[in-house]
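Please look through the sequence and the model first, and then follow the points below.

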Amino acid sequence: MTATETMLRAETFAERRRLADLLTELTPAQWETPSLCAGWQVRQVVAHITLAYRHSALRVIAGIIAAGGNFNRFSDRIAHRDTARLSDAELLTSLRTNIEHPWRPPRGGQRGALAHDVFHGLDITEPLGLTGPAPDRIALAIGDPDRRALAYFGVHLDGIALEATDTDLRIGDGTPIPLAAKDIALIVGGRRPVPAIDDGRG
């Protein structure tokens with residue numbers, strides 16, 4: 001089934017609501033848990049997810065310029081600045097009150113907005129051992145990435161295909177490697193290495 005803009009928007013809002021509900025139940029210690037993003041605790045990931053709700057596009061552009069044009073450096077700086085001045089409760093409120101915010105990443109469109117929340121949500125739920133998004137939502141967020149999109153995260157699927165066992169999702173051509181959709185998301189998002197093909201030689 002082809003994803004429509006309306007479907008992508010509804011799934012984006014549903015994922016934000018799911019994350020807000022999940023974060024409501026976290027203990028202070030869990031907010032301090034290291035996430036899958038290097039150097040970030042759960043609270044910095046939440047600050048990043050909600051960045052666009054607090055800072056204008058001009059502020060973001062100015063911050064990237066100040067960071068020498070390096071978006072990752074800017075993201076790290078502002079995530080730590082925001083968590084230094086905002087409490088965990090305030091960060092949660094920033095998400096809760098912007099469930100239906102229209103933000104979409106440049107060139108990413110509505111699927112990019114969904115992927116942003118799904119991938120960074122996994123950065124939180126995986127280290128905490130909590131339930132991630134539904135497989136169908138993950139598949140919708142990933143879509144059909146091309147080589148350039150995969151290469152952004154250093155992912156190369158030469159000779160293999162990542163094939164979901166729990167939803168309709170297949171990425172790449174070649175020898176299929178069966179995985180849960182969640183695991184595929186972690187791989188294509190650069191959170192886990194690409195699995196090697198088992199050639200049977202041990």
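## Salt bridges, a buried arginine and a pocket

A search of the whole structure, which is a predicted model, finds 16 salt bridges.

**Salt bridges**

- R17 forms a salt bridge with E100, in which the closest N and O atoms are 4.0 Å apart. This pair links distant parts of the chain, since R17 belongs to helix α1 and E100 to the loop between α7 and α8, 83 residues apart.
- R17 counts as partly exposed at 38% relative accessibility, whereas E100, at 55%, counts as exposed.
- The side chains of R96 and D21 also meet in a salt bridge, with a distance of 2.7 Å from N to O. Here too distant parts of the chain are linked, with R96 in helix α7 and D21 in helix α1, 75 residues apart.
- R96 is partly exposed at 34% relative accessibility, and D21 is partly exposed with a relative accessible area of 38%.
- A further salt bridge joins the side chains of R191 and D123 at 2.8 Å, N to O. R191 lies in the segment after α11 (181–188) and D123 in helix α8, so the pair ties together parts that are 68 residues apart in sequence.
- D123 counts as buried because its relative accessibility is 0%, while R191, with a relative accessible area of 23%, is partly exposed.
- E11, E15, R18 and R137 are linked with one another in a network of salt bridges.

- The side chain of R16 makes a polar contact of 2.9 Å with the side chain of D117, and beyond its neighbours within four places in sequence, the residues in contact with R16 include Y53, W103 and A113.
- R107 sits in the loop between α7 (88–96) and α8 (109–128) and counts as exposed at 87% relative accessibility.
- Most residues other than glycine have a negative phi. R107 has a positive phi of about 65° although it is not a glycine.

**The largest pocket**

- The largest pocket has a volume of about 1900 Å³ and is lined by 44 residues, of which F71, P105, H116, Y152 and F153 lie nearest its centre.
- By class, the lining of this pocket has 25 nonpolar, 11 polar and eight charged residues.
- Helix α8 supplies the largest share of the lining, six residues, and the helices that each supply at least two include α3 (42–49), α6 (71–85) and α9 (135–142).

How values were computed: Residues are numbered from 1 along each chain as its sequence is written. This is a predicted model: local features need pLDDT of at least 70, side-chain atom pairs count only at pLDDT 80 or more; totals for chains, interfaces and linings use all residues. Side-chain values use heavy atoms; hydrogens and water are left out. A polar contact is a pair of N or O atoms within 3.5 Å; within protein, one must be able to donate a hydrogen and the other to accept it, and residues adjacent in sequence count only if both atoms are side-chain atoms. Contact means heavy atoms within 4.5 Å. Helices (H or I, at least four residues) and strands (E, at least two) are DSSP runs, numbered from the N terminus. Buried means under 20% relative accessible area, exposed over 50%, partly exposed in between (1.4 Å probe, protein chains only). On a 1 Å grid over the protein atoms alone, a cavity is a set of points where a 1.4 Å probe fits but cannot get out, and a pocket is an open set with protein on both sides within 12 Å along at least five of seven lines; lining residues have an atom within 4 Å of a point. Grid points are joined across faces, edges and corners, and a volume is the space filled by probe spheres set on the points. Ala, Val, Leu, Ile, Met, Phe, Trp, Tyr, Cys and Pro count as nonpolar, Asp, Glu, Lys and Arg as charged, and the others, Gly among them, as polar.
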